[in-house]
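Have the sequence and the coordinates side by side. The tour below goes element by element.

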Amino acid sequence: MATDRPTYDVAVVGAGPAGLSAAVGAAEAGLDVVLVDAGRLPGGQYWRHDDEHSTPPRSHGGRLFARLRARLHHQRDLGRLRYLPGHQVWLIDRPRPDGGPFTLRLNGPYETAPVERDRVRARALVLCCGAYDRQLPLPGWELPGVMAAGGVQALLKGHRAVAGRRAVVAGTGPFLLPVATGLARAGARVLAVCEANPAHGWLRHLDGAVRAPAKSAEAVRYAALMARHRIPYRTRAAVTEILGEDRVRGVRIDGGEVLEADLVALGWGFTPALELPLMVGAATRRDLDGSLVAVVDARQRTTVPGVLAAGETTGVGGAAPAVAEGRLAALSLAAAHGLPVDPRTVRRLRAAIRHGRAFAAALHRTYPVPDGWTDRLTERTLVCRCEEVTYGELCRARTDLGAEDPRTMKLLARPGMGWCQGRICGFAVAAVTASLTGRPATAEDLRPLSARPFAAPVTLGELAEMVDEDEEP
Amino acid sequence: MTPYGKGPIHQDLPRTADLVVIGAGVVGAAAAWFATLAGLRVVVVDRGAIAGGTSGAGEGNVLVSDKEPGPELELARYSRQVWGEDLGGYGGLWEFERKGGLVVASTPAALGALRTLAARQRARGVVVREVSGDELPALEPRLTREAAGGALYPQDAQVQPMLAAAHLLRLARQRGAVVRTRAEVVGFLRPGGRTGSPATPGGDTATPGGGMGAPAGDMGAPAGGMGAPGRDAGVPVTGVTTPHGTVSAPAVLNAAGTWAGAVAGLAGVGLPVLPRRGFVLVTEPLPPATVRHKVYAADYVDAVASSDAELQASPVVEGTGGGTVLIGSTRERVGFDRRPSPAAVRALARGAIGLFPMLASVRAMRVYAGFRPYCPDHLPVIGPDPRAPGLWHACGHEGAGIGLAAGTGKLIAQALTGEAPELDLTPFAPERFERGGADEPRGT
Ligand SMILES: Cc1cc2nc3c(=O)[nH]c(=O)nc-3n(C[C@H](O)[C@H](O)[C@H](O)COP(=O)(O)OP(=O)(O)OC[C@H]3O[C@@H](n4cnc5c(N)ncnc54)[C@H](O)[C@@H]3O)c2cc1C
Ligand SMILES: Cc1cc2nc3c(=O)[nH]c(=O)nc-3n(C[C@H](O)[C@H](O)[C@H](O)COP(=O)(O)OP(=O)(O)OC[C@H]3O[C@@H](n4cnc5c(N)ncnc54)[C@H](O)[C@@H]3O)c2cc1C
């Protein structure tokens, strides 16, 4: 029945900084909102916390988060916003492709949460799906004890013990610092942060950050923490090999020196989760950091009518622009509904977004994935861990079988065909394939391994019970 | 052989060849291999990537079981033999597996119909063993216990089609063939130095060539329909034009699959090849031998032979070397729309669970779509085109192009080199649609 299944004005996917801000903003502007988030608690990656009442530390904008969460609960209690935590969107379809509402099909994440609804319907979407760790293959990266930096941080935020371990944090970008200091606080001995890019990148950046005072304060704070924990910060120091037999024993730096460690955190930036934008047919582009991101206009609209995007979905940029973009998306939907929108607010948000994005762009330029990283791969280095595809096999698919693009690579050598469906190896396969064909990777290279027909795992039983909206009474 | 090598993609084309093959799908690859083996200098051009068309978007069943007696069954039997014998020594390269097909009937009535079909197939040389309901669990332990009975077809086999296409091309290259990707045929050389142009006006040929990795299905529409006889009709074809240059050749083979109608249109001849969409659902990896045969429901044969435009689905379930289970198959005529259709995906899941109830709790990893190249009479087009001498076709194999590729390739090579083909090609003649009456659904 139609009353049983309302069509919302807007469905927001993701309750991180961008999605929270979009959902709250849209509800406050007077729209009917449903907010769907895989997490059990609001906050996304940045404001990840582990119980109902705690908040992330103030240094992480904890106050802003607390306010957004209070407004979320308030709108929910007023009945203007339906909040569905613990629900994953695995498919979005639009029965009438050129218009009409979207159907979002939902299930619980990782077989835990009972699902309250198996689908919701909405006339517009704001996609705020965030990002996950970008991983690069390296000889030995599959050894137990090697983790993605974001994974280490999630572990720390979940208060799991790492005390007594000898850790090396390596890769590139400022995100290595909170991971290193977090590890030290949790009792690990951090032998070094190995930053692959040049030193002056970071220092020059402190000047560049003047326009983003909060960020430069953060930088200074981390520098102090690094000093307090006596963590050496080594620049132009690339980990070229991870040593060990059954588990990690150490890392080799620049082909020479060995640091003995039993925990290696690798961070190479983030990869936005693009499956939902690609699923609805939104245009994408390659961002400065090499990631595939959704194209949006000055109102956060993607190229598909009725679909907006905010936060990391539109480019890795951190929590501050994500909040502003979410809000702007809400206002642009409100305006489309003929609701009053204060132009000063819009101007203020645009300025905040510009600032945040300029800062992010500077970071992306300072901390690129180092050129030539693919040269360190050996014949036997695994590139796709799920299907156990080695670099040598990719080379042969190129030289013997003629695979020139990632899609053909996938068809002929199977990278990205396994469990993670290319979430882990997609960026690397695009880069390796491009390098084997003597050209830089393009958005075209990234798309085939970023698109996923199902955004989350779903059982055949659930597929069999899928209801067609057009069939409903 | 020079390997494709690392570094930039080669785009230079030889000026001349004995045969130009348009299309690096499994059909073009098989034709290239057998023609090369027969001593011809072959150039293969594809506007996209190797196996980037339907050959990279389907399954790899090599079936005799699903065909009604008639020309397609004869071709299927012949082709199965070519896969197993001529190409048997290479089978490991493309995961050739004689796994056998098990057709399952859910009701006594369906079982009766299956038995009748099996008897007719047996009369045509198909090996088939009747299986009682009691015997099914021993053959397929996870199969539903509801089934009335079935039929086992030991000749049914499986290949990995992308690897088959890529390795057949590699083998051909080892013997001197040239393969060029991202080289779209945009016209034909005709005597008098004229480049052929499409008989049917419209954007088909104006579509830009394959972008890197773009699914071929999105690159341009088929000419469809018959079109009017073009002004070039009757004029010989003496080579092809691509953005990277021309290749002169006394013979050009149109192996452009679902897009073969548009290619024929470039030569001014009509060829009614149209897309019939199919989805395949892929599960998470399961323990080996969860599904042992290629298992499908008895009503599959009806769905294959149907000319209905509506969504048809009948379950086809098979395990792969990687442990994933592939679930086909839907058939619908909706043009080149590859967005996942909830109705089609649901039909696949329901059908598969109907055969294997344990699949209900198994997770799907992905679903993909492909476009079968079909002709109104559901028969492929194989042979020389008298309307444009020098132009040959090997296309329109619909949902059986993987299975039929090996035989098609060998027959084409025989005909090209003046040998009598081992199988009569008359039923597959390109000009049959001109005669009228051929666009009736096949079978009874
Ligand atoms: C592992 C990790 C650690 C980080 N740590 C820091 C840090 O210490 N300091 C810093 O400045 N920045 C950090 N960042 C970056 C920061 O988290 C982001 O800039 C910020 O969170 C972006 O907000 P967002 O709303 O775009 O995305 P997120 O905060 O990532 O929120 C996205 C939300 O969408 C949900 N979602 C995604 N897909 C679906 C779906 N299909 N169905 C339902 N829900 C879905 C996710 O579960 C998540 O809750 C980190 C990022 C990552 C990935
Ligand atoms: C879901 C599904 C399941 C299937 N399952 C099976 C199965 O189990 N067993 C089976 O036998 N068959 C199956 N099929 C059918 C089979 O996939 C096709 O019949 C077969 O792949 C056709 O091969 P082809 O080489 O003719 O065409 P394609 O593989 O499509 O190759 C044609 C090539 O021509 C190229 N081309 C087009 N126009 C031009 C131009 N102007 N210039 C240059 N190149 C051009 C294209 O880029 C393309 O690469 C299935 C199909 C689908 C969709």
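What follows covers sheets, helix packing, a cavity and some backbone details.

This is a predicted model, in which local features need pLDDT of at least 70, side-chain atom pairs count only at pLDDT 80 or more, and totals for chains, interfaces and linings use all residues. Residues are numbered from 1 along each chain as its sequence is written, chains are lettered from A and ligands numbered from 1 in the order in which they are written, and side-chain values use heavy atoms, with hydrogens and water left out.

Start with chain A. Five strands make an open sheet there, in the order S8-S15-S9-S10-S11, with parallel pairing. Strands here are DSSP runs (E, at least two residues), helices are DSSP runs too (H or I, at least four residues), and both are numbered from the N terminus. Two strands pair if DSSP finds at least two bridges between them. The edges of this sheet are S8(A) (146-148) and S11(A) (233-234); each has a single partner strand, so one side of each has no neighbour in the sheet. S9(A) (residues 166-171) and S10(A) (residues 189-195) pair in the parallel sense over six bridges. Arg166(A) faces Arg189(A) of S10(A).

H3(A) (residues 149-157) touches S8(A) and S15(A) (263-267), and its direction makes about 85° with that of S8(A). Contact means heavy atoms within 4.5 Å. Axes are lines fitted to C-alpha atoms, for helices over the stretch in contact, and angles run from 0 to 180 degrees between N-to-C directions. H4(A) (residues 176-185) lies across S9, S10, S11 and S15 of chain A, and runs at about 175° to S10(A).

Arg236(A) sits in the loop between S11(A) and S12(A) (239-244). Its phi is near 50°, a positive value in a residue other than glycine. Most residues other than glycine have a negative phi, and most peptide bonds are trans.

Next comes a helix pair. H8(A) (residues 319-336) and H9(A) (residues 343-366) pack at an angle of about 145°, with axes 9 Å apart. H8(A) contributes Pro321(A), Ala324(A) and Leu328(A), among others, while the H9(A) side includes Val346(A), Leu349(A) and Ile353(A). By class, the contact has eight nonpolar, two polar and five charged residues. Ala, Val, Leu, Ile, Met, Phe, Trp, Tyr, Cys and Pro count as nonpolar, Asp, Glu, Lys and Arg as charged, and the others, Gly among them, as polar.

How many cavities of 30 Å³ or more does a search of the whole structure find? The search finds 10. A cavity is a set of points, on a 1 Å grid over the protein atoms alone, where a 1.4 Å probe fits but cannot get out; lining residues have an atom within 4 Å of a point. Grid points are joined across faces, edges and corners, and a volume is the space filled by probe spheres set on the points. The second largest cavity has a volume of about 140 Å³. It is lined by 18 residues, and Tyr132(A), Thr271(A), Gly426(A), Phe427(A) and Ser450(A) are the closest to its centre. H13(A) gives the largest share of this lining, three residues. The lining holds seven nonpolar, seven polar and four charged residues.

S14(B) (residues 274-283) and S17(B) (residues 325-331) pair in the antiparallel sense over two bridges. Val282(B) has Leu326(B) as its bridge partner in S17(B). Ser329(B) is also in S17(B). A cis peptide bond joins Gly328(B) and Ser329(B), with omega about -15°.

Key. 1 Å grid on protein atoms, 1.4 Å probe; cavity = no way out; pocket = protein on both sides within 12 Å on 5 of 7 lines; lining within 4 Å.
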